[in-house]
Amino acid sequence: MDTTLSVATAPKTGTFQMRINPEIKKQVEDIYAACGMTLTDAINAFLQQSINVGGLPFLVTTNGREALREQALFLLMQERQAGGPPDAPIGRAGAEPLEEFGT
């Protein structure tokens, strides 16, 4: 039997308080509500992902979009090199990854 606790299964006996700008709180609550989550759900998901990866579950950078694009491109190229014929299309309508991502 697995006795490892997760955010979902651990007893919720501790509390966490933070101060946040009400306008920012409303914006993130709206974002998470669109995903079917509360702010508490989202924070718990963040905490669980932090446990899963052993650190922050995302890159902290001033160019986050660029870093994510580069990471996605790297993964696509790895996938391409790992299998399938070299002329097999990847991406939209057979576009090459470099062309598709504007690189």
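Colleague: K26 first: buried, partly exposed or exposed?
Modeller: K26 counts as partly exposed, at 46% relative accessibility. Buried would mean under 20% relative accessible area and exposed over 50%, with partly exposed in between, using a 1.4 Å probe and protein chains only. This is a predicted model, where local features need pLDDT of at least 70 and side-chain atom pairs count only at pLDDT 80 or more, while totals for chains, interfaces and linings use all residues. Residues are numbered from 1 along each chain as its sequence is written, and side-chain values use heavy atoms, with hydrogens and water left out.

Colleague: OK, which residue does K26 form a salt bridge with?
Modeller: D30, and the closest N and O atoms are 2.7 Å apart. A salt bridge here is a side-chain nitrogen of Lys or Arg within 4 Å of a carboxyl oxygen of Asp or Glu. Both D30 and K26 lie in helix α1, four residues apart, about one turn of the helix. D30 is partly exposed too, with a relative accessible area of 42%.

Colleague: How are the helices defined?
Modeller: They're DSSP runs numbered from the N terminus: H or I with at least four residues for helices, E with at least two for strands.

Colleague: How many salt bridges turn up in the whole structure?
Modeller: Three. In helix α1 there's also E29 with K25, four residues apart, about one turn of the helix. Their closest N and O atoms are 3.4 Å apart. E29 is partly exposed, with a relative accessible area of 31%, and K25 is partly exposed at 34%.

Colleague: And what does R69 pair with?
Modeller: E66, with the closest N and O atoms 2.8 Å apart. R69 and E66 both lie in helix α3 (residues 64-82), three residues apart, about one turn of the helix. E66 counts as partly exposed, at 30% relative accessibility.

Colleague: What about the second largest pocket, what's its volume?
Modeller: About 160 Å³. Its lining has eight nonpolar residues, with no polar and no charged ones. They are M18, I20, V28, Y32, L39, A42, I43 and F46. Helix α2 gives the most, with four residues.

Colleague: Last one: which residues make the nonpolar surface patch?
Modeller: F46, L47, L56, F58 and V60, over about 490 Å². F46 sits in helix α2 and is partly exposed, with a relative accessible area of 33%. Patches take residues with over 30% relative accessible area and no salt bridge, joining like charges within 9 Å and nonpolar side chains (Val, Leu, Ile, Met, Phe, Trp, Tyr) within 5 Å. Accessible areas come from the Shrake-Rupley method with a 1.4 Å probe, and for residues only the protein chains shown count as cover.

Definitions and conventions
1 Å grid on protein atoms, 1.4 Å probe; cavity = no way out; pocket = protein on both sides within 12 Å on 5 of 7 lines; lining within 4 Å. Points joined across faces, edges and corners; volume = space filled by probe spheres on them. Nonpolar A, V, L, I, M, F, W, Y, C, P; charged D, E, K, R; others polar.
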